Amino acid sequence: MVGVITIIIIMSTMAPLYLIFAFFPYLTRRTICMGVSIPEEMFADQRLKDIRKTYMISLLITGALVTGLAAASLLLLPEEYMGYALGAAIFVSLISIFLFYVRAYKKTRGLKQKEKWSTGRTEFSVTETGFRKGKITVSPLWFILYGLVIACTLIVFFSIYNSLPDTIVLNYNDLGNPGTAVPKTPFIILFPLSVQLVITLLMVFVYVVIGKARVQIDARNPEVSVARNRIFRYAWSAYTVFMGLGMVILFGVMLFLPLLTGNITIIIAVPLGYTIIAVAGALVLSLVLGQSGSRLKLKEKTVGKEINRDDGRYWKLGAFYYNPDDPALFVEKRFGIGWTSNFARPLTWVLMALFLLIIAGAVAASMIAFMH
Amino acid sequence: MLIKIDFNSETPIYEQLRMQIIEGIARGLLKAGEGLPSVRQLAGDLGINLHTANKAYTQLKADGFIHVHRQKGVVVKQEVRPGVTDEFLAFLEKQLRPLAVEAYCRGMRDKEFRAVVNNIFRLLQNPKEE
């Protein structure tokens, strides 16, 4: 039991982290390589291919090593240190990924500067005035279901409150023994409730970002680019809404699961299984669609030598966007899948502070739940 | 409608924006009553300054091409567009004069010059040809 769960935890956190980052260079738009704007036809240049390949292979090898090492240390360490060990392992993973990325980014940028790829090219910025009038996200009405699930959790909890056992087990550890068990009080409900509310807020936020983020259209193939962009947003909004709904249901169910079944394997398998499905879903969506739908096979008519406006100087290390002259708040990531913020806009920092406050509030609510 | 801003062009960005929206209306790509993105949205999508987008919209509004609605936002005007005013005629002649003069000096006949203009008008009337 111990080994299996440890392996599953690692496989559903660190392994996908390395895998997805290793594949990122192949998921970007063809106008960007390792966080650097390039003319589209240079994407197939042998030297750039080599940079991407070296990066991917380095990441896969390091990933295998670090993941193996983490698995071994998790199995050997006493149980109470497991959380810290996993945290440290993920930290090491992120640092190593970042270093390999920066190396590849600098190599690509050096090549571009040395050979002056952008001189003599006309830079364009393209938009579609009717973009947001088409269907770009799933209906926001789906969020009503979130409210219903939360209401159901509350109703069920208080209607069966009297028949609940005197101590309630909140989670199980790796050995299948009760991890956190607390005496029964009505405040217990604050734990799943606060988590459910945070998830709901987060998913509404992501949904809004998907609708509002900048419409970035490739100058060379604008019509196809619009179509890719639409499909990409629609698919990810659907993933966000339904994956989040599943999580809200999960946190409601987890409180009652020990009452329905004494089988600990089921109690542990349900949340783990859901995590694996959710991570796998994100991986598949990323691999099939690519950033902004760039991997979708759509009919293209290749024309002109236009390049997209090169805003590379506003992208620190090709990954962090800081442009005080750009009114856009959410923009497409250059390296990766999805969107990021313009850090030159104060609203970005306000939102981040707000986000931390909400998390702190949820933690405080859970503390109250456990202390009473 | 697709709007394409050329950052290497000598034409200022607000002017490019204004011209493309007017051409969109002329060619029927933008229908009367159709909504346009807000100033903030447009500037954000194109990655241009807020004032630049605002300048284009302000001029389009002053010339009667668009209308800023309280609820619906920016919409293409329903009613007849600004007609051929005396000011516009004067403006047209002033803009056309240097071109006609240069064409004349290069030995272009008035018929050939008109053919160029006719061609532009034909494309506006049959947008699919381009």
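## Where the two chains meet

Two residues are in contact if their C-beta atoms, placed from the backbone, lie within 7 Å. By that rule, 19 residues of chain B are in contact with 20 residues of chain A. On the chain B side, the elements giving two or more residues are strand S1 (2-6), strand S2 (35-36) and helix H2 (39-46). Here helices (H or I, at least four residues) and strands (E, at least two) are DSSP runs, numbered from the N terminus.

Sorted by class, this side of chain B has 10 nonpolar, 5 polar and 4 charged residues. Ala, Val, Leu, Ile, Met, Phe, Trp, Tyr, Cys and Pro count as nonpolar, Asp, Glu, Lys and Arg as charged, and the others, Gly among them, as polar.

## About the model

This is a predicted model, in which local features need pLDDT of at least 70 and side-chain atom pairs count only at pLDDT 80 or more, while totals for chains, interfaces and linings use all residues. Residues are numbered from 1 along each chain as its sequence is written, and chains are lettered from A and ligands numbered from 1 in the order in which they are written.

## A strand that links the chains

Which strand of chain A pairs with S1(B)? Strand S3 (residues 123-128) of chain A does, in the antiparallel sense and over 5 bridges; two strands pair if DSSP finds at least two bridges between them. Within this pairing, Val126(A) has Lys4(B) as its bridge partner.

S3(A) also has a partner in its own chain: 2 bridges join S3(A) to strand S6 (residues 307-308) of chain A, and these two run parallel. There, Glu123(A) is bridged to Ile307(A). Because 5 of the 6 residues of S3(A) are buried, S3(A) is largely enclosed by the rest of the structure. A residue is buried if 20 or more other C-beta atoms lie within 10 Å of its own, exposed if 12 or fewer, and partly exposed in between, with C-beta atoms placed from the backbone.

## Chain A and its domains

Chain A holds 8 helices and 10 strands, and its C-alpha atoms fill a box of roughly 75 × 50 × 35 Å along the principal axes. Of its 372 residues, 29% are buried.

The domain assignment, whose bounds come from an automatic or database source, gives domain 1 (1-122) and domain 2 (126-304 + 311-372) of chain A. Their centres, taken over C-alpha atoms, are 23 Å apart. Between them, 26 residues of domain 1 touch 28 residues of domain 2. On the domain 1 side, H1(A) gives the most, with 8 residues.

## Two helices side by side

Helix H6 (residues 222-260) and helix H7 (residues 264-289) of chain A pack at an angle of about 175 degrees, with their axes 10 Å apart. Axes are lines fitted to C-alpha atoms, for helices over the stretch in contact, and angles run from 0 to 180 degrees between N-to-C directions. H6(A) and H7(A) are therefore roughly antiparallel to each other, the word used for angles over 145 degrees.

Residues of H6(A) in this contact include Phe232(A), Trp236(A) and Tyr239(A), while those of H7(A) include Ile267(A), Val270(A) and Tyr274(A). By class, the contact has 17 nonpolar, 2 polar and no charged residues.

## A sheet in chain B

S3(B) is joined to strand S4 (residues 73-76) of chain B by 4 bridges, and Val68(B) has Val74(B) as its bridge partner.

Definitions and conventions: Parallel < 35°, antiparallel > 145°, perpendicular 65-115°, else oblique.
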